[in-house]
Each structure stands twice: as structure tokens, then as C-alpha cells.
Amino acid sequence: MAEIITTTKTGILVGVIYLIYFLPRSFFVLRKVITKKQRRILAELLSVLIVVLSPFIYQGFAKEVTLFIQRNQYFFDLFDGNLLKFITSSRSVFLEKTFKSINRADNSLFLHLFGGGYYIRLDKPFFGAGRRVTEMDWFDLYFSYGLVGIVAYITYFKESLFNILNSKKNPVKIMLIVFIVYSLIAGHVIFNAMTTTILAVALAYFTDNKFGENDD
């Protein structure tokens, strides 16, 4: 309901996938931890709640779904039926413009390797702010810190990442995969927190693992 009210397309998609994947898993877990009698009581309580609350839920839900459809139809028409621009909420346009700006810059190779900072104009880096963030985390990370920055960032976490991704039953694994995919097409969390994150990573590099165990 919250996702529909805010009309975030990517959020709704992830929410639907979440429900499809986790609800059946939750029911299977419940079958193992509660008795048959408890399951029957729980099912009866849920049935009563659904019957009592359904009129209120339906009215609010139907209204928000209608508004969601109308809003997205408006933007779809605004983008001249361009599905890519609609799905990415014009992020694809900013992405294309930024790449073109980098490629035509005099210091193009430097920008690809080390990035161009936060809001710096990539074609004229000493003339103030000009670039708009794409709000696609990994691309903004690339534009700001370059290939070297991304490699350094991932390298620091590589052991933890590989351990999680190679694990079979780690509950964080699916969350990490969703996070990586989601942040490719949306968001600005990693990017906006990157200055602090890189500072923490840099400090960790120079911190002795045995710090605090002896006077040195």
C-alpha cells in the first residue's frame, strides 16, 4: 500500500517479487514451528480479520490503484510512449548525457579512471556544478570515483561478498542480490553515503587488526 501511494514503479516491482518469494516461505516455516491446532486458530483469526476489514481495505486500495494508473499513464504519454524512459523515470536520459559529456571531455581518460566528483561539469571541470546525478547508484559511483574507485571499493569487501554469495543458506544472500540489482537501476543511497564510506574504508586499511590488545 505504501509503495502504491508513493507510486514508485521499481519499489512496487520489488514489493511484488518480495511477496511472491517470501510469503510461501513464511507459511512453510510456520508449519514447522506451530501445531496443527494453532495453525487452524490462526487461519480462523485471519479469515475473520479479512472479512471485517475487506470493505475498508478495498475502498482505499482501489482508489490508490486508480490514482497510480492515472499518474503513470500521464508520464507514459509525457515520454511519448518511450518505455525505457518511462521505466527509468528519465534516468536513462541523464545516463546517456553523462556518458556523452565524459567522452567529449579533454580529460576523458582521467574521468573514466578516477571520476569527476559530485556535481562537477565533466566537460569543463573548473567551471562549477553542472552534472546531474542519475540516481542509479553504481553509475553515479562510476561517474564520481571512476573505474579505479569502484575496483578499490569492491576489492575491500570482496572476501565478505564472495562468502555471502557462495553460501547456500545465508539469509543475507538474497537481500544482497536484490540490493545490487535494485541499485543498478534506482537509488542514490550508496552514492550519497560514499564519502563517509570511503573514509571508513581508508581508516580500516590503516588500522591494526590487533588494535587494543596491547599498549602499542
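## Salt bridges within helices

A residue counts as partly exposed when its relative accessible area falls between the buried limit of under 20% and the exposed limit of over 50%. Glu 44, with a relative accessible area of 45%, is therefore partly exposed. The model discussed here is a predicted one. Arg 40 is also partly exposed, at 46% relative accessibility. The side chains of Arg 40 and Glu 44 form a salt bridge, with 3.8 Å from N to O. Both residues belong to helix α3 (residues 36–78), where they are four residues apart, about one turn of the helix.

Glu 96 and Lys 100 form another salt bridge through their side chains, at 3.2 Å from N to O. These two residues are four apart in helix α5, so about one helical turn separates them. Glu 96 has a relative accessible area of 44% and is partly exposed. Lys 100 is partly exposed as well, with a relative accessible area of 45%.

Side chains of opposite charge can pair when their charged atoms come close. Arg 91 is joined to Glu 135 by a salt bridge in which the closest N and O atoms are 3.8 Å apart. Arg 91 is part of helix α5 (residues 91–103) and Glu 135 is part of the loop between α6 and α7, so this pair ties together parts that lie 44 residues apart in sequence. With 14% relative accessibility, Arg 91 counts as buried, whereas Glu 135, at 29%, counts as partly exposed. In total, the model has three salt bridges.

## Thr 134 in the loop

Thr 134 sits in the loop between α6 (108–114) and α7 (137–166). Its relative accessibility is 0%, so Thr 134 counts as buried.

Which residues does Thr 134 touch, not counting those up to four places away in sequence? The contacts are with Arg 91, Phe 94, Leu 95, Thr 98, Phe 139, Asp 140 and Phe 143. One of these, Arg 91, is the salt-bridge partner of Glu 135.

## Packing of α7 with α8

The axes of α7 and helix α8 (residues 172–185) come within 14 Å of each other and cross at roughly 170°. The two helices are therefore roughly antiparallel. On the α7 side, the contact is made by Asp 137, Trp 138, Phe 139, Leu 161, Ile 164 and Leu 165. On the α8 side, the contributing residues are Val 172, Lys 173, Leu 176, Ile 177, Ile 180, Ser 183 and Leu 184.

By residue class, the contact of α7 with α8 has 10 nonpolar residues, one polar and two charged. Phe 139 of α7 takes part in this contact and is also among the residues touched by Thr 134.

## Packing of α2 with α3

Helix α2 (residues 9–33) and α3 have axes that come within 16 Å and cross at roughly 170°. How are α2 and α3 arranged relative to each other, roughly parallel or roughly antiparallel? At that angle, α2 and α3 are roughly antiparallel.

The α2 residues in the contact are Lys 9, Ile 12, Leu 30 and Arg 31. They meet Arg 39, Leu 42, Phe 68 and Asn 72 of α3. The residues of this contact comprise four nonpolar, one polar and three charged.

Definitions and conventions: Residues numbered from 1 in each chain as written. Predicted model: local features only at pLDDT ≥ 70, side-chain atom pairs only at ≥ 80, totals over all residues. Heavy atoms only, no water. Buried < 20%, exposed > 50% of the residue type's maximum accessible area, 1.4 Å probe, protein only. Contact = heavy atoms within 4.5 Å. Axes fitted to C-alpha atoms, helices over the stretch in contact; angles between N-to-C directions. Parallel < 35°, antiparallel > 145°, perpendicular 65-115°, else oblique. Nonpolar A, V, L, I, M, F, W, Y, C, P; charged D, E, K, R; others polar. Salt bridge = Lys/Arg side-chain N within 4 Å of Asp/Glu carboxyl O.
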